[in-house]
Structure formats: structure tokens, C-alpha cells
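Dear colleague,

I am writing to hand over the structure shown below. Please have it open while you read the notes that follow it.

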Amino acid sequence: MDKLTPPIDGTSKFCSHCGIEVLDPPLRCPLCNGVLDSSPQIAPHQLYPRQSIAPPISPVLSSPSGSRRFAASWIVILTLLIPAVVSLLTDWLGDRNITWSRIVALSLGAVGGLAVGSILLWPRVWLVNLSLWIWISLYLFFLNSIFGGSSWALGIGIPITFLSGGLGTLTVYTLKALKPGPFRSIGTSLFFLSLGLGGIELLIYLNLGIRNDILWSIITAGILIPLGVIFFVIHHIVQRSPGAHKFFHW
Amino acid sequence: MTEPFTLDNAAKAWPAVVSKRQTSRFRLSAVFHTPLVYEHLDRAVQLVRQRYPWFMVRLGKGFFWYHLREDPKGFALVPDIRHPCTLAPEESPIGQVLVTVHGFHRILSIEASHMITDGAGLREIFQTLVSCYCALKVGSDLRKLEWGKVRSPLDTPKPDEWVDEFLNHDLEGIPGPEVPSKALHLPVRPLPPNQYRVVHGIIPLDTLKERARTRGVKVGEYLGAAVLFAFQSCILEVPKAARRRLVRRPLRLLIPVDLRKLYGSNTLRNFLLGLGVDIDVRLGVYSFEEILRRVHHTQQTELDEKYLRRQLSRNVRGEQRLAIRLVPLFLKDLFLGIVFRDLGEVRHTASFSNLGQINLAPGTEHLVDHMALVPPPGSLSRINVTALSFGNTLCLTVGKTTRYRRFDYHLFRFLADQILGVRMWTN
């Protein structure tokens, strides 16, 4: 068909989602992928969508995580593999034994795992987060098995990692859900930080049996929690006083 | 087109300050009598893309400056969004596509970033797009159509449409302008990022012209005075004790000036400057007539080609200094962000932009009911106003990044008192 002349009218349909008329109707709306109907479904006075319309889904299915992501992952793996192999070879050629290069290779493997996991799982933030803590735990576990000695990774390293990760995630999700503003965000973060420090001290006591005469986490909490309360109070004042609002705005 | 383009002078500072709240995007919309037809719209967009190939771009990051890079996804037809001029949550303000065309029901919109063009530049593209769509809808042959004042989509792209006019002036030895004092901002709570509220009021243009003519002013001046009057009404609502604490600066309205007519330019890139008109509420309550007189005389005095060269000189001087050119981009971002904030939104309460009349190709106007211009969302100036005329309608649009409603109430209440029949719609 000539590009500069209009097409011949056929049996037109209207998109129930974006309200546009389609002269030569396919199965779905070519603009927004909405369902087509024979009569207009949008009220004549409605001039903006009630909610943003998602772009149409490509009819050609790509790989689950996207070919570009897989390519990026391979680049990361290959980039880290080279220094790992070089360090192993150097170590082996030195005294026909692998000693220090195990730690280098393990560290590079952990970094690679973290990077590849993040690339493949993004933007599912909670999965990225979970994989991050699992990788750190595995890294600590293998590090412990390389060095030998008491099982510090299982006893204290991994629990502290998961405690920090869990509390960090909880803090982020609380802040995201409540949207408390900058001052109350600092206050909330300080509260969770106090909890985390308390938990770490408890873990140290339970696993290693080290008990200080003075409980340092309670002292820290005694400083951080009142500081958090002060931030809450500042927020309260700022919200209610135009002068303070203006002062802190600048 | 393989070479990246440099940003024009007015756009250089924008990437340093764009955010989810201050996207720099503005929108022109045409409201038709009947629903849009997808096939005609898609064909019109394809033709107009070929006519203006420089607008299929995305922002790129270099070592010293940002630049524009070709992107086939640019200037494409996409579904509309509830909050105009905002970005999708997953979209980065720096990586945004700079021009998009939106279709929803019976409203056709084009959205562009100030990093690529200004209102008058986008108006030219919009006129071509809407005329082209209307011509296809009514079944006209585009080759035989009389295009009148509108640029035809079948013409070849002209190099003078893509010139940075700021750099085409000899500004050697011209002093910079005086920096105005900081302006008063209404202490209103901001909306979350990615949200924007717009209120459109459609006014009969002949009645408005009549009202302006009886006072011996232009329509733009009349509306500018109405906007300042509405801001003053908002302040007068505040209890007297609190008002004394609030009003420590003047109310200043920024009125963008299109320099194309003044300097005889054909460019579609940014070529505008802003003029400030202020009233100081500490001195007493102004009547509408007093504000109108102030707006009229300020515009008459300051709309002077020689006077405006001082502002041009200030804008261009920074870009041309070698010492500034050699600063890496991340430091420039920091510096430009501070300068932009300090000389930009801090110095004015709001902006009022009157884009004038939209022309369509003869014989295509009857399909369109009215047209609207949505201002870019501001982070500090949370309320901005625009005006756009088409046929016998003028659409006055209030764009807000706040829930505060008293300003639109005062503005449209005042206009309804003056002019009968203000139709309103919102998102």
C-alpha cells in the first residue's frame, strides 16, 4: 500500500484499554496490547489513562533472563577465570603445591558468583539480596574449611552474616513501605542498627562464650536509640512549623 | 547519522539536575472529537520521524560533556501514561528517550525533554504531526495538500533547523545580567517522584481577547497577571501571624521568551530566555489592575534585543571557557547542578509560558477540539502554568508536583468571574 494515502476502511474495533480505534484489527491492540472491542469502552470525557499502560509484549519470546544478560555473565566469568588460573599456575610452578592460590581462586569465585547472580536476578531485588547472603556464607564456609581449625564459619560467621542481611533487608523494606522521610529514616535505621549490634553480641556470647563485664551493645543502643528519638522529634517539629520546614529544606 | 550531537547551550545544565521529580519533560496534546485511529497515527509518526531525524536520540555520557546519540526507539509511538511528563519507575532520568509520541482514546500527545528542544521547537514538530494525522484521517493525499504555515513531512530535513543559535552571536565584551534576589516559594508538600498533577481549563479565546483589549494589554500579559494574582490570593489565605514569617521574599513569575522572532532563527533546538516579573506582598496587597500594569510594563521594558544579549552572554561565556571545558563531567555535574539551582528555580516562584497559537494545515482543523501544553514538573517551583491557543480556544494548564489545590481554585475562580464558561479537565 502507498505510504502517503490512507488505507481502505474495514471493520474497525476499539481498544478497551487505551480507547484507540484499529481499522484492520489483529487479536490485540497494536499500541498497548489491550483487548479489542466492537464499541468504545472509554468514557468520552476521560483524557488520561487511569493507570499507566504496560508496553506490548514482544511476540518473539526471548530467553528467560535475556540474551544480553547471559552474555554479560559469560564476560564476568571469563574475566575472573583468567586471574584465577594465572594465580593457581604461579602457585603450582613455584613449589609444585597449591597453597595461597586457593584463597585467591575462592575469592574470585565468590565475586564472580555475586556478580553473575546479580546480573541474572536483577531487578528481583529480594532474590539478589538472598543470593548475596548465601554467597557470602558459602565463601566463609569454604574459607573455614581451607584454613581448618574450629568451625567459626558455622558457629559465628554465617549467623552474623544472615543477621546483618536480614536486619538490613527489614530496614530497607520498612523504609520503603512507610516512606517516613529523611529524619525518621535515620531514626528507624539507628533502631535496627542497635538491634543488630545486640544480636551480634548475643551470638558471640552463645557461640564463643566470651562475656564482657560491660555489655557494649547495650551502651551503643543507649546512645543510638535516643539519637533516633531526637530525629523523630526533629521530623515532628519540621512538619508542624513552616519556619523549621524552610530552614531544613535549605 | 552516526556522529553524536552536542547538546545546545540551554540544555547543557539540564542533565546535572534531572531526576525522577524534575524530568525536564513537557508535553503538547491535541484533543480530537473522535478516538484516534491507530493505522493513521502510526503512519503519521513514521513520516514525521523521517522529516525530523535528529529527534530520534537518547542522552549519552562522555568524559567532558553529555551528548545526544541516535536511538531507533526515540520519537516512537508508545501507550500513554497516567502522569504526563514523568518517567517509568525503572527508567533512568539520564537514559531517558528524549522524544515520545503518546496516544490515548482521543488525545494525541508529544512529549519532549528540554535537553533537546523548547516549546516553540516542539510546536513546529507537533503541527506537522497533527496535520499529517488529520490529513490521513480525512483521506487527503499528502503530496497535494496545502500545508500553509506548517512544515510539510515530505520536505527534506534542513540543516538550519538543527543549529545551536546561542553560539551564533558575537557576545565579546558584553556584560552579564544582574542576578535577581531569591523568590518566595509556597511551602507546599511535594508529591512522590513519578507523580504529576495537571489541571486544564479551556477558555473561549475571543472573550479573553476582548477582556485584554479593554485593558490595553496582550492576552499573555493578562494571563500572567492572573497567575500572579492567584499566587497572591494563596498567600493572603495564610493567617496573618504565619504570613509575616512566610513572606520574606518577592513573588516572581518567570516568563520564557522565544528568541526566534527577535533574532530571525529557524532552529528547532532550545532558543529561549526567561524574563522575571515580580510583586512584593510585604509592601501591601496588589489589585489585579496593579499587577497587570506591572506585568505589561516589565515586559515592554525588558523585551529588548540588546538587553537580552546580556543573558545570552552569561549563558554562553561559561561553555566557551577552556578551563571549564577541560573539567571532567562528574565535576561539571556537581558544579552545574549548584549553578542551575542557584540561578534557576530559587529565583522564581513559578513559570508561566504562553506558547501562542497552534496552526494546522488548512482543511484539517475541524477534527481537533482543543490543544494543551503541559509544563515540565519542577522540584522547587512546584506549580507552573502554561497557555496554548487553538482556533477559538485557549487552554490554560496548571502542572503541579504537589497536592495543594488552592492555587488552581483561585486562578480558575478569577477567570470564571471575568470570562464566562471555563471548561476543566484533569488527570
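The notes below treat confidence, the nonpolar cores and one histidine in turn.

Please bear in mind that this is a predicted model. Chain A has an average pLDDT of 77, and 82% of the residues score at least 70. Among the elements of chain A, the highest mean pLDDT, 90, belongs to strand β2 (residues 21-22), and the lowest, 59, to helix α7 (residues 242-249). In residues 1-8 of chain A the pLDDT is below 50, although this stretch has 25 contacts in the model beyond near neighbours in sequence. Residues 56-65 of chain A also have a pLDDT below 50, with eight such contacts. Where pLDDT is low, the predicted coordinates should not be read in detail.

The largest nonpolar core contains 87 residues, and those touching the most other members are B:Phe32, B:Phe55, B:Phe75, B:Ile110, B:Val130 and B:Met371. Helix α3 (residues 119-138) of chain B provides the largest share of this core, eleven residues. Domain 1 (5-151) and domain 2 (197-357 + 378-426) of chain B each contribute at least three residues to this core. Apart from this core lies another, of 47 residues, which include B:Leu228 and B:Phe414.

Finally, is B:His105 buried or exposed? B:His105 counts as buried because its relative accessibility is 3%, which is under the 20% limit. B:His105 sits in the loop between β6 (99-104) and β7 (107-113) of chain B. Beyond its neighbours within four places in sequence, B:His105 contacts residues including A:Cys18, A:Ile42, A:Pro44 and B:Pro35.

With kind regards

Definitions and conventions. Residues numbered from 1 in each chain as written. Chains lettered and ligands numbered in written order. Predicted model: local features only at pLDDT ≥ 70, side-chain atom pairs only at ≥ 80, totals over all residues. Heavy atoms only, no water. Helix = DSSP H or I, 4+ residues; strand = E, 2+ residues; numbered from the N terminus. Buried < 20%, exposed > 50% of the residue type's maximum accessible area, 1.4 Å probe, protein only. Contact = heavy atoms within 4.5 Å. Core = buried A, V, L, I, M, F, W, Y, C linked by side-chain atoms within 4.5 Å. Domains from an automatic or database assignment. pLDDT = per-residue confidence, 0-100.
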